[in-house]
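Here are my notes on this one, point by point. Have the viewer open while you go through them.

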Number of protein chains: 2
Amino acid sequence: MKKHRRSLVDVLDGEVLSPPPIWLMRQAGRYLPEYRQTRAQAGSFLDLCYTPELATEVTLQPIRRFGFDAAILFSDILVIPDALKRNVRFTEGHGPQMDPISVDDIARLEAAYSSDKLSAVMETVRSLRSALPDETTLLGFCGAPWTVATYMIAGHGTPDQAPARLFAYQNPLEFARLLDVLAEISAGYLIDQLDAGADAVQIFDSWAGVLGEVEFEKFCARPVARMIEMVRAVRPGAKVIAFAKGAGVQLRDYRRITKADAIGLDWTVPLSFAKELQSEGAVQGNLDPLRVVAGGTTLDEGVDRILEALGGGPFIFNLGHGITPQADPENVDRLVKRIRNRL
Amino acid sequence: MKKHRRSLVDVLDGEVLSPPPIWLMRQAGRYLPEYRQTRAQAGSFLDLCYTPELATEVTLQPIRRFGFDAAILFSDILVIPDALKRNVRFTEGHGPQMDPISVDDIARLEAAYSSDKLSAVMETVRSLRSALPDETTLLGFCGAPWTVATYMIAGHGTPDQAPARLFAYQNPLEFARLLDVLAEISAGYLIDQLDAGADAVQIFDSWAGVLGEVEFEKFCARPVARMIEMVRAVRPGAKVIAFAKGAGVQLRDYRRITKADAIGLDWTVPLSFAKELQSEGAVQGNLDPLRVVAGGTTLDEGVDRILEALGGGPFIFNLGHGITPQADPENVDRLVKRIRNRL
């Protein structure tokens, strides 16, 4: 087996690695007892994100335990609305909440921006880069404009993002302006993460699956393309993974439009379709997180099918969505061993 | 313009009609003031479903107002768990609830079944057929086994159907048994509706979009195929529309497996992909319901794009999901006129 330095970056460059690099979305999280212990030392969830010692500690925990090939900065996509003074708060058991944005607020939004709190995030990135093993890729991230906008408009998470979808139909100019502001600020935020030591970044479009094709291109694909262009204008060759969860058929044109180095795939993407997408570049995914909860042969079969279909091309093993709190860490251990000992 | 008798049935036979027949999912519903008035006369929501005079009245209301080409029986997919004695109740503002089913309950499930309450539904179908204009297609319907099972396992609606997905991984045999029981009882229920006067039926798989490809075939496509086979064994040539909401790429094989006469498309299905699906048979859909809320040119543009892409093949105009309570009936009027006066 060839030994790779930051193997995930090599895959983003188009290399085929066997076994593939592996990390898991939300790998620093509630399924780990050590995370729950550190979490208890912070006040609110955002305090945890903004306290570099604690955020560094929880980011490193899954690397120590499982030796993943990538660490992802511990933070949240809603630090951007927080920096835009939308009064973001996380209440236990309620999901995130913030002040719903009005049409009038949008004109004043950019002026409200302050990067003060985000400087703590950059301190975390710097401390992570020096603490991580040299072969471990450090990933930065942010939310995509559409997904962040859905929270800003509704003021909270919604089952089908209807408030944002309707807002966009009824106020197309203001909505476009909101996406522009988010794209610009988020691109700057990613550039800062790369400057602080991130090797690559992932853009999360968690609610990409609720849009028609015209809106998907306008609200998801084009703003992410613009962000990647802005990032690369400052950091040529910057590596980006774009994850449009639930986008299904719409992923056909997503790589071409966004120019992302890798496309994240959720667990509903059929492997035959994933292979088609892989013929144009690296893909990442896509095990159903509930297979990690179920464990045993349910887990093994899921892993094997994915490796068989995608292992022959540029590929990053991941889940199709974040690992859930009820996953047993022993199953994660089994998953990692299954991938690494298979070949 | 050619005058058609039950034009929707002609499209299910493969005919191309211009303008296409039109109906809207949830067309009898809260957006209509006359519905809200009738609704107030029933106690619970299920009382409304089980009272033939009231259910007939609300089914006819949108036909009187808009002259849709099809009326769909007013009922609910959860009358099947209700007939299986799962203690189904609809509480205002809470969504449906029922007793969550256990592994042990599944063995006893079939024995609990009683068609007593469903006979009221058949009375509604008969009264509808005699009350409807002769050219109006009468559609019966039921939920698909997977979607109904998600409610039975969780005991309520869930954002990602995780309880049912996990139950299926952990108890594959019992879960398969549950789907079998639901398929068999639902097929019998559809046959009864056809016998009572329904011209065609639609099978709603509202939560088809959360499954991986192996599970989609096993839990969605195959059980619906089995239902259609059972129905046609008794009623040869019975016409069926299958609507797997959110299934996206998975729709590629859905018609071939299920042998449905038409495939329902939600609003996220790109029209180029819809056209591919239409090359193998009739499709139905797929306007974003929120365009009906927005109205104006947002509505017109959505309608025009769909007609342009799909109007040249076997096609039934519909929304991509149920019409929402906040839709203005005047926008529905505009929608119908736009389709019918276009050609």
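**Notes on the two-chain model**

1. The contact between the chains draws 26 residues from chain B and 26 residues from chain A, where two residues are in contact if their C-beta atoms, placed from the backbone, lie within 7 Å. On the side of chain B that touches chain A, the elements giving two or more residues are α9, α13 (271–278) and α14 (289–294) of chain B. The largest share, five residues, comes from α9(B). By class, that side of chain B has 15 nonpolar, seven polar and four charged residues. For the classes, Ala, Val, Leu, Ile, Met, Phe, Trp, Tyr, Cys and Pro count as nonpolar, Asp, Glu, Lys and Arg as charged, and the others, Gly among them, as polar.

2. Before going further, a word on conventions: this is a predicted model, in which local features need pLDDT of at least 70 and side-chain atom pairs count only at pLDDT 80 or more, while totals for chains, interfaces and linings use all residues. Residues are numbered from 1 along each chain as its sequence is written, and chains are lettered from A and ligands numbered from 1 in the order in which they are written. Helices (H or I, at least four residues) and strands (E, at least two) are DSSP runs, numbered from the N terminus.

3. Back to α9(B), residues 162–170: B:Ala164, B:Arg165, B:Leu166, B:Phe167, B:Ala168 and B:Tyr169 are buried there. Buried is for 20 or more other C-beta atoms within 10 Å of a residue's own, exposed for 12 or fewer, and partly exposed for in between, with C-beta atoms placed from the backbone. What covers these α9(B) residues? The cover includes α14 (289–294) and α15 (296–310) of chain A, together with α8 (145–154), α10 (172–196) and α11 of chain B.

4. α8(B) is mostly covered, with nine of its ten residues buried. The buried set runs B:Pro145, B:Trp146, B:Thr147, B:Val148, B:Ala149, B:Thr150, B:Tyr151, B:Met152 and B:Ile153. After α8(B) comes B:Gly155, with a positive phi near 85°.

5. In chain A, have a look at how α8 (residues 145–154) and α9 (residues 162–170) pack: their axes come within 8 Å and cross at roughly 95°. The axes are lines fitted to C-alpha atoms, for helices over the stretch in contact, and angles run from 0 to 180 degrees between N-to-C directions. α8(A) and α9(A) are therefore roughly perpendicular to each other, the label for 65 to 115 degrees (under 35 is roughly parallel, over 145 roughly antiparallel, the rest oblique). A:Ala149, A:Thr150, A:Ile153 and A:Ala154 in α8(A) meet A:Pro163, A:Ala164 and A:Phe167 in α9(A). Six of the residues in this contact are nonpolar, one is polar and none is charged.

6. Helix α11 (residues 213–234) of chain B has 22 residues and reaches 31 Å from its first C-alpha to its last, close to the 32 Å expected at 1.5 Å a residue; the expected span is 1.5 Å times one less than the number of residues. Even so, α11(B) bends by about 30° at B:Ala221, and B:Pro223 follows within four residues. The bend is the angle between axes fitted to the seven residues ending at a residue and the seven starting there. Among the buried residues of α11(B) are B:Cys220, B:Ala221, B:Pro223 and B:Val224.

7. B:Asp205, in strand β5 (residues 200–205) of chain B, counts as buried, with 29 C-beta neighbours inside 10 Å. Leaving out residues up to four places away in sequence, B:Asp205 touches partners including B:Trp146, B:Cys220 and B:Val224. B:Asp261 lies in the loop between α12 (254–258) and β7 (262–264) of chain B and counts as buried, with 23 such neighbours inside 10 Å.

8. Last, the backbone. Most residues other than glycine have a negative phi, and most peptide bonds are trans. The bond from A:Ser18 to A:Pro19 is cis, with omega near 0°, and another cis bond joins B:Gly285 and B:Asn286, with omega about -20°. A:Gln161 has a positive phi near 55°, and B:Asn87 has one near 60°. Buried or exposed? A:Gln161 counts as buried, with 24 C-beta neighbours inside 10 Å, whereas B:Asn87, with 11, counts as exposed.
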